[in-house]
Amino acid sequence: MAPIFNKKIIIAMILALIVIFSVITISYIYFSDNVQLGVSDESNISSVETVSLANSTVGSVEVIKNIGNPNSPKRIAYVVGVHPLEHEVHETLVKILPNVTGLNYCYDIYIINVTQDVGYYGDGLSDFDSPGRQNGQNLAYEYVYPEIINGDYDLAIDVHSHVGSYPYQTLVFSPVKESLSVDYANEIVENCPDIVYYAPDTTTSGPYLTIPLNENGVPAFYFEEYSFASQDVKDAHVLELIHAVDNLKL
Ligand SMILES: [Zn+2]
């Protein structure tokens, strides 16, 4: 009987060891997961915030602050909504950027929401005569420009779309030649197979944001997407831009 008795004891001990080991493993996984979740939840809640900058008769301006790495010494501003009809690409950036993980730099998104004279494609007005575009440009100059110029930013990107006005669909460019922003935009192009550098001779919005930013110490370039690209294509191009910007040598 003795050998059977010993066998039972050995089996019982092995089972006991398995149970103890399992409990320790499960506790460790549960505990460390909770610790990690707790830390990331806390940092998200404490850093990202939306601040209202203006509410006027023609529209509003707000900023989503501290997206990405809030501890980075480098801060980059994205601006969307200067031209209200181009809202699909604006919404694409606002949808994607806050959900990209592992970003190197800290990002703020300035959102201009024109509510008066938004207009519609095919209204017959030239870019210079459209009151909705002018309302957005005025809001940009009055409320976004001073925030960026006084906000210790390393770079600003003004996000637009076009209906086929340019010989390329997806492009970046600076309205100010011989500026640091041209170098940054060219570096973006090197790392993005779907984005080209193409600078039109003139833009309607330049004097209200990107030109004075460049002339007063904040490099600023345009990102232009094709308005009628599918949403999947817009998503892919915006994500390409976001990652290339995050890998710029600032
Ligand atoms: Zn535009």
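In what order do the strands of the open sheet run, and with what pairing? Then take me to helix H6 and Leu-241.

Analyst: A word on the source: this is a predicted model. The open sheet has 8 strands, in the order E1-E2-E4-E3-E5-E8-E6-E7, and the pairing is mixed. Strand E1 (49-55) and strand E7 (196-197) stand at the edges. Each has a single partner strand, so one side of each lacks a neighbour in the sheet. Helix H2 (residues 87-96) packs on this sheet. H2 touches strand E3 (75-80), E4, strand E5 (155-162) and strand E8 (220-226). The direction of H2 makes about 135° with that of E5.

Strands of a sheet pair through backbone hydrogen bonds, either parallel or antiparallel.

Now the wider chain. The secondary structure comes to 6 helices and 8 strands. Along the sequence, the pattern reads α-β-β-β-α-β-α-β-β-α-β-α-β-α. The chain has 250 residues, and 34% of them count as buried. Take the contacts with a separation of 6 or more: residues 24 or more positions apart account for 79% of them.

Next, helix H6. H6 has 16 residues. From first C-alpha to last, H6 reaches 22 Å, close to the 22 Å expected at 1.5 Å a residue. Its buried residues are Lys-234, His-237, Val-238, Leu-241, Val-245 and Asp-246. These residues cover an arc of only 165° around the axis, so they lie on the same side of H6. An α-helix has 3.6 residues a turn, so residues three or four places apart point the same way. The buried residues of H6 pack against E3, H2, E5, helix H4 (180-190) and E8.

Finally, Leu-241. This residue lies in H6, which spans residues 231-246. Leu-241 has 25 other C-beta atoms within 10 Å. The cut-off for buried is 20 or more, so Leu-241 counts as buried. Leaving out residues up to four places away in sequence, Leu-241 touches Ile-188, Cys-192, Ile-195 and Phe-223. Leu-241 and Phe-223 are 18 residues apart in sequence. In space, their C-alpha atoms are 8.4 Å apart.

Note on methods
Residues numbered from 1 in each chain as written. Predicted model: local features only at pLDDT ≥ 70, side-chain atom pairs only at ≥ 80, totals over all residues. Helix = DSSP H or I, 4+ residues; strand = E, 2+ residues; numbered from the N terminus. Buried ≥ 20, exposed ≤ 12 C-beta atoms within 10 Å, placed from the backbone. Contact = placed C-beta atoms within 7 Å. Pairing = 2+ DSSP bridges. Axes fitted to C-alpha atoms, helices over the stretch in contact; angles between N-to-C directions. Expected span 1.5 Å × (residues − 1). Arc of directions from axis to C-beta.
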